[in-house]
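Q: I have a model to read and want to learn how its features are described. Can we go through it step by step?

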Amino acid sequence: MQPRQELDSIVVTAEQMANIEERLFAAGMPVAALMEKAALMMSQRIQQLYPLKIASKVGILVGPGHNGGDALVIARELHLQGYEVGLYRPLAKLKELPQKHARYADSLGIPYYDDVESLQNCQLIIDGLFGFGLTRSLSGNLAMEVDRLNEWSTPVVSIDIPSGLHTDTGEVLGTAVQATHSLCLGLWKPAYFQDQALAYMGEAERIDFGIPLREVWSIISQPVPLQLLTETLALEFLPLSRPQVTHKYQQGHLLVICGSRRYAGGTILTALGAQGSGVGMLSVAVPESLKPLLVSKIPDGLIIDCPESEKGAIASLPPLATDFDSYDIIACGPGLTRDGIDVVAKVLKAECPIVLDADALNILAQLGTGKCLRQRQGTTVLTPHLGEFKRLFPDIDNPEKDRIGAAKRAASQSGAIILLKGARTIIANPQGKIWIIPQSTPALARGGSGDVLTGLIGGLLAQNLRIQHPLDAMVATAAWWHAKAGMLAAQERTELGVNAGTLCQYLHLIF
């Protein structure tokens, strides 16, 4: 990866970004020069997105701090390029540097208003009220003005982050601007990848205004604690080539334990996801009544028939499925039903890494997450959605308010790798490393897509024994691959036309 390209994957907190900027200023970079540089780059990007012939009349929201200063430089540049610009300044008192830009804007004849209604006829709004680091809620007249703005259909470009969002958690502080486009300055902020903030971000892109790498690394420890899994990184982790001389067991042996008469489809989808990973050998343990179905759907897999209960769930595991030393990885859970408690209890005793999903997670919560995982020697991967997460970790309050922080806490206290599903999937390891999947598609909000992911994770982890990447990186790579396949499928079939079965057909197409 090229040095500056590394910055595409780094996510910084508000405190870290402030510290980086302080180092720039301490090294001699004038605050005014940095503001000018960043704002000029944003002005150019805005003109590309909204040319004069499309949006000649622009309203700009100006806050009291440096975000407002950026907005005023943009106002000046757009005015000089022929745009008709109007300013909304809800707070009369500005910091020193923004005040200078305000005086110059006034000398150019750019009008400013005390109410946002004066900008209603504009074809574009630029939000420069507040940048990163906001912690106080918007209230009073300002909150009402933002709510009024959100009622309009006018496109909005937010500078750095939509005003009203908490930089780290993405929490809406009272109210927040709903942007059409957000221009993130310098380095990505966590709010861009918190599910609760996505409705306010619109299309997001990073504006690289040239922070020296040494200033970044002076604040950010290595390995990077909070990182996006970009395509460049994911392709480095994927086992896309094999030695000329090899055999199936050298490419990983995965045991999948799942399914019941009621949820036969979950078994098939998990196995198909594993197949799509390229794993060398796949064994699938299912209730004995499902074996003919699995043999027809997964002819290259070893199907292990298990004694089943009257309800059609796995009653016990036969010797072939309990010889855990024969397998590199075990994936367990989809379609198992809550009757699989003895099965999950036995899997938890395996010394190899295990992946638990769906019913296995609910059973783990029932058995006691902390108590069970503290007894394990091997790596455990948990893949909950938000509801399952709350059952597994009931002492972590309101995980939806800060999904990144919640996943980090869960990994720390459980010793497991946590994959917290969502519009932006979060992967956390016990040492505090966080991976974020930067893109996904709502097309994956379909029954069975999580089963495919479980198989894909298990298959990649089984193959990783040869290439030896960190397991959390491989879990994140599987999630990236899953999301990428979903986006490609949605592009060709629309979001309504993607189901878990068709998703499996797109796993190899992303390459």
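A: Start with contact: heavy atoms within 4.5 Å. Keep in mind that this is a predicted model.

Q: Which residues is serine 9 in contact with, leaving aside its neighbours within four places in sequence?

A: Serine 9 touches Leu226, Gln227, Leu228, Thr230 and Leu233. Serine 9 itself sits in the segment before helix H1 (14-26).

Q: What joins the side chains of serine 9 and glutamine 227?

A: A polar contact of 3.2 Å.

Q: Is serine 9 buried or exposed?

A: Buried means under 20% relative accessible area. Serine 9 has 2%, so it counts as buried.

Q: Now the sheet. How do strands pair, and what is the strand order here?

A: Strands of a sheet pair through backbone hydrogen bonds, either parallel or antiparallel. Here ten strands form an open sheet with mixed pairing. The order is S8-S17-S16-S15-S14-S13-S12-S9-S10-S11. Strand S8 (226-228) and strand S11 (302-306) are the edge strands, each pairing on one side only. From one strand to the next, the twist averages 15 degrees.

Q: How many bridges join strand S13 to strand S14, and do they run parallel or antiparallel?

A: Three bridges link S13 (residues 354-356) with S14 (residues 380-382), and the two strands run parallel. Leucine 356 stands opposite leucine 382 in S14.

Q: Which strands does helix H17 lie across?

A: Helix H17 (residues 449-467) lies across strand S9 (253-257), strand S12 (329-332), S13, S14 and strand S15 (417-420). An angle between axes runs from 0 to 180 degrees, taken between N-to-C directions. Helix H17 runs at about 155 degrees to S9.

Key:
Residues numbered from 1 in each chain as written. Predicted model: local features only at pLDDT ≥ 70, side-chain atom pairs only at ≥ 80, totals over all residues. Heavy atoms only, no water. Pairing = 2+ DSSP bridges. Helix = DSSP H or I, 4+ residues; strand = E, 2+ residues; numbered from the N terminus. Buried < 20%, exposed > 50% of the residue type's maximum accessible area, 1.4 Å probe, protein only. Polar contact = N/O pair within 3.5 Å; in protein donor to acceptor, adjacent residues only side chain to side chain.
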